Amino acid sequence: MITTYERVNVRDYPTSKSAWEDVYPANFTVLGLCWDWGETITDNGYTNNVWVATGKKGSRSSYWVSAVYLKGDKYAGLSVENDYCWGG
């Protein structure tokens with residue numbers, strides 16, 4: 001499970017330029033399926049290029065949020081070995 005520390009846009013891919021799917025409010029908890037490297041985001045004094053997938057769309061991981069907006073460590077508390085989003 002991952003938890004947002006502030007409002008975060010949910011994207012179709014791990015980049016701020018991909019389609020906007022939803023918004024998770026602050027202190028929202030959702031299942032974090034896996035993480036992967038994506039666009040580097042800098043906000044509120046933090047910089048991170050880890051994105052966490054919170055859902056599926058068809059056969060691929062989708063519904064991505066930048067870990068810079070999530071509570072926990074660089075990986076939002078997910079295991080470092082949890083980067084199987086692209087079938088790794």
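Modeller: Helices (H or I, at least four residues) and strands (E, at least two) are DSSP runs, numbered from the N terminus. This is a predicted model, where local features need pLDDT of at least 70, side-chain atom pairs count only at pLDDT 80 or more, and totals for chains, interfaces and linings use all residues. Residues are numbered from 1 along each chain as its sequence is written, and side-chain values use heavy atoms, with hydrogens and water left out.

Colleague: Okay. Where is Thr54 found?

Modeller: Thr54 is in strand S6, which covers residues 46-57.

Colleague: Does Thr54 count as buried or exposed?

Modeller: Buried, because its relative accessibility is 10%. The cut-offs are these: buried means under 20% relative accessible area, exposed over 50%, and partly exposed in between (1.4 Å probe, protein chains only).

Colleague: Which side chain has a polar contact with the side chain of Thr54?

Modeller: That of Tyr24, at 2.8 Å. A polar contact is a pair of N or O atoms within 3.5 Å. Within protein, one must be able to donate a hydrogen and the other to accept it, and residues adjacent in sequence count only if both atoms are side-chain atoms. A polar atom of the Thr54 side chain also lies 2.9 Å from the backbone oxygen of Tyr63.

Colleague: And what else is Thr54 in contact with?

Modeller: Contact means heavy atoms within 4.5 Å. Leaving aside neighbours within four places in sequence, the partners of Thr54 include Ile2, Val30, Leu31, Leu33 and Val65.

Colleague: Switching to Asn48. Where does it lie?

Modeller: Asn48 lies in strand S6. Asn48 is buried because its relative accessible area is 8%. A polar atom of its side chain lies 2.8 Å from the backbone nitrogen of Val50.

Colleague: What does Asn48 touch, not counting residues up to four places away in sequence?

Modeller: Glu39, Thr40, Ile41, Ala67, Val68 and Lys74.

Colleague: Glu39, then. What does Glu39 form a salt bridge with?

Modeller: With Lys17, and the closest N and O atoms are 4.0 Å apart. A salt bridge is a side-chain nitrogen of Lys or Arg within 4 Å of a carboxyl oxygen of Asp or Glu. By this rule the count comes to one salt bridge.

Colleague: Which parts does the pair tie together?

Modeller: Glu39 lies in strand S5, and Lys17 is in the loop between strand S2 (8-11) and strand S3 (20-24), so the pair ties together parts 22 residues apart in sequence. Glu39 is partly exposed because its relative accessible area is 23%. Lys17 is exposed, with 72%.

Colleague: New topic: aromatics. How many aromatic pairs does a search of the whole structure find?

Modeller: Four. Rings of Phe, Tyr and Trp (its six-membered ring) pair if their centres lie within 6.5 Å. Planes under 30 degrees apart count as stacked, over 60 as edge-to-face and the rest as tilted.

Colleague: Take Trp37 and Tyr75. How far apart are the centres of their rings?

Modeller: They are 6.4 Å apart, with planes at 65 degrees, so the pair is edge-to-face. The pair links distant parts of the chain, 38 residues apart: Trp37 is in strand S5 (residues 34-43), and Tyr75 is in the segment after strand S7 (60-66).

Colleague: Is Tyr75 buried or exposed?

Modeller: Buried, with a relative accessible area of 16%. Trp37 counts as partly exposed because its relative accessibility is 42%. Trp35, Trp37 and Tyr75 form one aromatic cluster.

Colleague: Now the backbone. What is the phi of Asn44?

Modeller: It is positive, about 55 degrees, although Asn44 is not a glycine. Most residues other than glycine have a negative phi. Asn44 lies in the loop between S5 and S6, and Asn44 is partly exposed, with a relative accessible area of 43%.

Colleague: And Ala76, what is its phi near?

Modeller: Near 60 degrees, a positive value in a residue other than glycine. Ala76 is in the segment after S7. Ala76 counts as buried because its relative accessibility is 5%.

Colleague: Last one, Cys34. Where is its place?

Modeller: Cys34 is in strand S5, and Cys34 is buried, with a relative accessible area of 5%. The C-alpha atoms of Cys34 and Trp51 are separated by 8.6 Å, while the two residues are 17 residues apart along the chain.
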